[in-house]
Amino acid sequence: MKLTLTEDGPYIVEGDFRLLDTKKKLVQTGETAELCRCGKSGTSPLCDRESCDTQFGADGDGAPPQWRRYKGTNIDVSYSARICIHDGACTFGAPEVFDPRKRPWADPKESDAEGIAAVVRRCPSGALIYDRLDGGPQEQPEQPGTIRATRDGPFYLSGEIEIETATGQELFQGPRASLCRCGASRNKPFCDENHNMVQFKDP
Ligand code: SF4
Ligand code: FES
C-alpha cells in the first residue's frame, strides 16, 4: 500500500489494505482512503475534510530515516533510531540481544536467528528490520496491508508500505511503520510519542 503525505492535510492511502479503528473493528478495505493526521477529524480515523487544523505543521515531512546495521552470524539487524517509539518489544522479547545499557545496544551474534526474527517482526514502528544470512525466510510483508488506529496514539501499519512526500520524494519503504495521527509529532510523519506529552485523546 502507498501513502502520500499532503501538506497540512490527511494521509492518502492507495492499494490493498484494511483499515481498523481503535477497537480493531473494520472501518473499510482498500483501494483508497484519506486518513486524519491532525487529530481533529470528527470521522477519525478517516479525514472529514471539515475539521482540518490546517496549521498543524506538517511542513517538516521529508527526511528519510537513517539505518545502522548490527552484524550477526546467522542474521543481521538494522535499526533506525529516528523512528523508534520505545515501546520495548525488542528489549522485552530478546533482552540478551537488545540491551540499551550495552554498546553496541543490539548484538545478534550468538542468538538463534528465528527467535531474533520473530522479535523484530513485533517492532511496531519498523525501526528494526532483519536480513537472514542462514537461508531462513526473510520477512514477508502482510498482504493485504493493515492500518490500525491505536487508542489515543498513532496508526500502526503493516504490509508492503511505501510513503511518499507531498512533493513526490520517496520517504520510506518497509514492512511496518508507526505514523502520527495526533498532529503533534516533531518527526512527522512518524510518531515520536509526543501524543503522550500533548495528552492526545481520540476525538
Ligand atoms: S519501536 Fe521497535 S526498536 Fe523501538 S523499542 Fe519498540 S520494538 Fe524496539
Ligand atoms: S500519534 Fe502523534 S506523536 Fe504519536
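1. Helices and strands here are DSSP runs, helices of at least four residues and strands of at least two, numbered from the N terminus. On that basis, this predicted model has three helices and 11 strands. From the N terminus on, the order is β-β-β-β-β-β-β-α-α-β-β-β-β-α.

2. Overall dimensions come next. The protein has a radius of gyration of 17 Å; this agrees with the value near 17 Å for a compact globule, because that is what 203 residues would give. Along the principal axes, the C-alpha atoms fill a box of roughly 55 × 35 × 35 Å.

3. Burial and contacts can be read together. Of the 203 residues, 37% count as buried. Among contacts with a separation of 6 or more, 53% join residues 24 or more positions apart.

4. The protein is divided into two parts: domain 1 covers 2-62 + 141-197, and domain 2 covers 68-132. Their C-alpha centres lie 25 Å apart.

5. The domains do touch. On one side are 10 residues of domain 1; on the other, nine residues of domain 2. Strand β11 (residues 170-179) gives the most to the domain 1 side, with five residues. That side of domain 1 divides into five nonpolar, three polar and two charged residues.

6. Now the ligand. The residues around ligand 1 include Cys84, Ile85, His86, Asp87, Gly88, Ala89 and Cys90. Also around ligand 1 are Cys123, Pro124, Ser125, Ala127 and Leu128. By class, the shell holds eight nonpolar, three polar and one charged residue.

Notes. Residues numbered from 1 in each chain as written. Chains lettered and ligands numbered in written order. Predicted model: local features only at pLDDT ≥ 70, side-chain atom pairs only at ≥ 80, totals over all residues. Domains from an automatic or database assignment. Contact = placed C-beta atoms within 7 Å. Nonpolar A, V, L, I, M, F, W, Y, C, P; charged D, E, K, R; others polar. Near = placed C-beta within 6 Å. Rg over C-alpha atoms; globule rule 2.2 N^0.38 Å. Buried ≥ 20, exposed ≤ 12 C-beta atoms within 10 Å, placed from the backbone.
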